[in-house]
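Here is a quick look at how one chain is put together and how its partner meets it. Have the structure open as you read.

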Amino acid sequence: MSTSTAELSMTHVHAVVEEVWTTFLGGGDPLYEIAPPTDRDPAEQGSVWDAAITVTGAWQAAIVICLPDGVADAVTRAMLGFAPEDHLAPEDLIDALGELVNVIGGNIKSLMPGPSKLSLPLVARGPISPSTSLVEACRLDLGWGPHSLRVVVSVPADQDRDQQAEEA
Amino acid sequence: MKILVVDDSRVMRQIVIRTLRQSGHGGHDIVEAENGREALEVVQAQSPGLVLSDWNMPEMTGIDLLEALRAQGNTTPFGFVTSEGSDDMRARATGAGALFLIAKPFTPEAFDEALAPVLVG
C-alpha cells in the first residue's frame with residue numbers, strides 16, 4: 001500500500017517506529033508520544049547518537065533518528081542479544097543504529113509513492129543535519145521508560161509545498 | 001542444509017540467524033557474507049542450499065547478486081530479507097527469480113511461513 005505525500009503523518013511514522021521497536025526490542029517498555037516542545041529533549045540526556053538515511057526518486061526525504069546514549073546502548077544490546085555485562089564496542093552501536101534507521105526508513109519509503117531508492121545509513125555520535133534544501137515535514141518525540149528519542153522526516157521544500165497545497 | 005546469510009550489518013546477520021532458530025529452522029549449517037560480491041564467491045565455493053540476502057548493500061546489492069547467479073545458470077534457491085517490502089520491490093524480486101521477500105522487521109512466524117516450503121518440502 002502506498003499513500004500520497006499529503007498523507008505522511010506522525011501517525012504513519014509512529015506506527016512504523018512502534019512496529020520496528022517492538023519487533024527488535026521485544027515486549028519491554030512501550031513507546032509513547034510526547035507533545036513538543038518537550039523538556040525531555042534527547043540532547044538534554046547526555047550525549048546523543050544520530051542515525052540518518054535518505055530516500056531519492058519519486059519521493060525524496062531524509063530520515064534522522066536521534067537517541068541519547070542510554071537508548072542507543074539498550075537498543076544495540078537488545079538487537080545483539082547481549083547481557084548488561086557484555087562489552088559493547090562503538091562499531092556495534094554504529095551497526096545496530098544504522099540497521100534501525102535502515103528498517104524504519106525502508107518501511108516509511110514503502111508507504112510513499114515509488115519508485116525510489118534508499119541510501120546506505122549514516123551514524124554519528126552527535127547531530128547529523130540534513131541538506132539545507134530540505135525542510136522538516138514530520139517530527140516525532142517519543143518517550144521510552146525514562147528516556148526519549150526523536151524521529152525527524154525532512155523533504156525538499158517544493159515537495160512540502162505540494163503537501164501543504166493538497167492539505168488545504 | 002547449508003544456508004548463506006548475506007547482510008552488510010553483522011547485527012542483522014545475527015538477528016536473522018537467531019530468528020531462523022526461533023522459527024524452528026535452527027539445525028542448519030550457517031555461512032555468512034557481508035555483501036553481494038562476497039556472497040557470489042561463497043556460493044561458487046560452498047554451494048549452499050539456500051541464500052537469504054539483504055537488498056541494499058555496498059559493493060554489490062542483493063538484486064545484483066541474484067541476477068549474477070541466474071546469469072551464470074546458478075539456480076540456488078534465493079530469498080530476500082530486506083527493509084523494503086513495497087509492491088514494486090516484491091515484483092522485481094520475483095521477476096529476478098527470488099522465491100520470497102521477507103520484510104524487516106520480521107517475526108519467527110514470517111520466517112517459518114516463507115522458509116518451510118523450501119527447507120521442509
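Predicted model: local features only at pLDDT ≥ 70, side-chain atom pairs only at ≥ 80, totals over all residues.

In chain B, take the contacts between residues at least 6 apart in sequence: 61% of them join residues at least 24 apart.

As for burial, 44% of the 121 residues of chain B count as buried.

## How chain B is laid out

Chain B has five helices and five strands. Walk along chain B from the N terminus and the elements come as β-α-β-α-β-α-β-α-β-α.

## Overall dimensions

How does the radius of gyration of chain B, 13 Å, sit with that of a compact globule of 121 residues? A globule of that kind would come out near 14 Å, so the value for chain B agrees.

## Where the two chains meet

Now for the contact between the chains. Chain A puts in 22 residues and chain B puts in 18 residues. On the side of chain A that touches chain B, helix 1 (10–25), helix 2 (69–80) and helix 3 (90–111) of chain A each supply at least two residues. Which of the elements of chain A gives the most to that side? That would be helix 3 of chain A, with 10 residues.

Sorted by class, the side of chain A that touches chain B holds nine nonpolar and nine polar residues, plus four charged ones.

How values were computed: Residues numbered from 1 in each chain as written. Chains lettered and ligands numbered in written order. Helix = DSSP H or I, 4+ residues; strand = E, 2+ residues; numbered from the N terminus. Rg over C-alpha atoms; globule rule 2.2 N^0.38 Å. Buried ≥ 20, exposed ≤ 12 C-beta atoms within 10 Å, placed from the backbone. Contact = placed C-beta atoms within 7 Å. Nonpolar A, V, L, I, M, F, W, Y, C, P; charged D, E, K, R; others polar.
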